Amino acid sequence: MTALWGLLRKEALHILRDRRTLAVLLLLPVLQVVIFGYAIRTDVEDVRLAIVDPAPDFATLRLRGRLTAAHVFRVITVLRETGPLERLFQTGAVQAALVFEPGFADDLGRGLPARLLVITDTTEPNTGVTIQGHVLSVVQSVMREMPPRAGGVQIVPEARLRFNPTAESKNLFVPGLMAFVLTIISCLMTAITLTREKETGTMEALLVSPLRPWQIIVGKVAPYLLVGFASVIGVIVKARLVFDVPLRGSVPLLLAEGVLFILVSLALGVLISARTDSQRVAMTAALLGTMLPTMILSGFIFPVESMPRVLQYLSNVVPAKWFVIIARGIMLKGVGLAYLWQETLVLFGMALVLLGAAARSFHERLE
Amino acid sequence: MRRILFLARAEVLHIVRDRTTLAQILVVPIVQLLVLVNAATFVIRDTPTYVVDYDRTSASRGLTNRLAASGHFRILERSASLTQANDALLEGAATLVVTIPRDFEKSLTREGRAPVQLVVNAEKGSAAGIVLNYAGQILARYSAELGRELRPSVFTIGAGTSEPAPGRGNPRIEVRTRGWYNATLDYRHYMVPGILVALVTLIGTLLSAQNIAREKELGTLEQLNVTPLTRAQFIAAKLLPLWVLGLFDLGLGLLAGKLVFDVPMRGSLLLLFAAAAIYLLVALAIGLLISTGVDTQQQAMFVTFFVLNIYLLLSGLFTPIDSMSPWMQAVSQLNPVRHFVTISRAVLIKGAGLAEVAQPLVILCGFAVVSLTLAVQRYHKRTV
């Protein structure tokens, strides 16, 4: 046991001495929280609007007034004709345009339909559709104040947003961020630290020492586990304090699931190191094989259900996908194991298989 | 000049001989494009929907059918159990629960209005708003349709047309909507121009950082330093082949985008390549800057990954710049990737010309001058 202790101390010293890597390990989660909190958002606010009003009258002015009062829109320019619109859209100066037809109020007064054209920049489809919805809801609220059309019926939608009532995207990203940080630290760093011993030839020295194989692995990875665990708690605390992200479910359950996910990532890291001989290859494998899928296929940033079928199936083998579902369930929905047992079971199965494979590949090297 | 070309030739041979690098240049970009464009999407379709129908009339059935027929919603189940619906929502099986109250049809016929409750899982942020948007549009269309069926009195005059007869004194506003540049709302058309930028950035920065770090690691940098080449010449020779490669990869990516995804290319490709030529100088210089600060290839890769990660996330490539908080939008002005993403999308999707992209282009030129000067100077200090 003292030998294991010695290895642990040596590994901790390694981490503390390599300032550059330590800085990245500690800085990355902090920066990521800031980036994801303030930058990776899909909320649509402060829409830049152009208004084309060839012949302003009381009706168009009223509608324009309502749009400005809605606080979602910022009127960039009011034009007389549609000519300059194209250029405004191309430079990105405006995101939407409202085009009135001349004689708007007259048409309304005579009972003719008054025509209004809403142009939105749908280059990014979701933003475009959302802006359209914002404009339409203002127009509809103005219409509702007019005397109702005899005979027409109205279905009035009452919308309620569950689990994330303000629909803020930052709440969505924090659980994914935890998966990402854990993958970097437990998988990438484990793979690198083990291959480094191989590359420098010191692995042989470790193998002939009185340490048992499992002790070597534990000694090598435990310090990183600690760093990983600390940064996850850091992410949660920061998310709570700075961004006020909810934590509705049980904290011990979240941490326990975190440990389960760390075990999976660690096993992956050990497996990668067993199959590669140089740090460079191990790093490439860890980056391409675990970090990219964690970022892209886990539902962290992009919803899995939006992807083509093939990628949806593929996403099932990405451990982070399951952890993201679990973490979101606990943090945002406040549900417990009753709803998350399937995902937990999948992670558990992955942990068993990968740990088994990792232990075996390590033994093979011994013979 | 001849010296530069000599060294540049040596570089090209190095790249062509090394299988891994060659694969990095030829295969990785295409795979990246294919996977990322399909995966990096916020498209919303087939929203799993649970309908709680307390009314069970033709009107409520019609509503369910309209939702299903729109293609935006997939009806999981239709029952009168709110508990089951709630379970489906908690489990994540359903994203939207539509509750149609008792007497839905009756109050529509008698009072002309009836409520419908839409509960949406907003876990995924703004996607919830879009789901509600689609639902709202379908409800509006359906109520217009129902008006004719349930309370047909008004339509007797204008029979045969879908519009009520004019002159009846009922004011209303007819809104038409039009989405410019991406009328089919195809997310891939939006992503391809952005992913191309990521591709060029990755190749440019990673290769140049690795390249010089390798010379350092092998000790061959010392040898090159004692040759009659000046620092600027040396750097030019190192970067020239990578610069050409970056442009080549852009062409390759454009071709794949055209063939596989049929992305629109409305603007001038020449303009795009000109912008890319300037942008690549920045990407290469950043790689060079990284390589001056590190000692090994591994560190170069780690730092590059870290830097690019932040650059790409803050570039508006994945999520719109307009959605960022105001101070973050200001910070992102310092990000060269952002400006090239803007240019790429404006030129390819919107068909913008030189005048429309002049501002980001000038900013890119500024970045190129500053970063190249910095890189050359830093390089001086490290080796003298």
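This is a predicted model: local features need pLDDT of at least 70, side-chain atom pairs count only at pLDDT 80 or more; totals for chains, interfaces and linings use all residues.
Start with chain B. Its secondary structure comes to 14 helices and five strands. The chain has 384 residues, and 46% of them are buried. Now look at how its contacts span the sequence. Take the contacts between residues at least 6 apart in sequence: 78% of these join residues at least 24 apart.

Chain B is also divided into two domains, by an automatic or database assignment. Domain 1 is written in two pieces, 2–41 and 185–383. Domain 2 covers 47–156. The C-alpha centres of these two domains of chain B lie 49 Å apart.

Next, turn to chain A and its helices H9 and H10. Two packed helices are described by the angle between their axes and the distance between the axes. Helix H9 of chain A spans residues 213–243, and helix H10 of chain A spans residues 251–275. Their axes come within 11 Å and cross at roughly 135°. Why is H9(A) called oblique to H10(A)? The crossing angle of roughly 135° makes it so, because over 145 degrees would be needed for roughly antiparallel, and 65 to 115 for roughly perpendicular. As for handedness, H9(A) passes H10(A) in a right-handed crossing.

Which residues make the contact? From H9(A) come A:Ile217, A:Val221, A:Leu225, A:Gly228 and A:Val232. H10(A) supplies A:Gly258, A:Ile262, A:Leu266 and A:Val270. By class, the contact of H9(A) with H10(A) has seven nonpolar and two polar residues. It has no charged residues. Gly counts as polar here, so A:Gly228 of H9(A) and A:Gly258 of H10(A) are the two polar residues.

Definitions and conventions:
Residues are numbered from 1 along each chain as its sequence is written. Chains are lettered from A and ligands numbered from 1 in the order in which they are written. Axes are lines fitted to C-alpha atoms, for helices over the stretch in contact, and angles run from 0 to 180 degrees between N-to-C directions. Helices (H or I, at least four residues) and strands (E, at least two) are DSSP runs, numbered from the N terminus. Angles under 35 degrees count as roughly parallel, over 145 as roughly antiparallel, 65 to 115 as roughly perpendicular and the rest as oblique. A crossing is left-handed if the near helix is turned anticlockwise from the far one by less than a right angle, and right-handed if clockwise. Two residues are in contact if their C-beta atoms, placed from the backbone, lie within 7 Å. A residue is buried if 20 or more other C-beta atoms lie within 10 Å of its own, exposed if 12 or fewer, and partly exposed in between; C-beta atoms are placed from the backbone.
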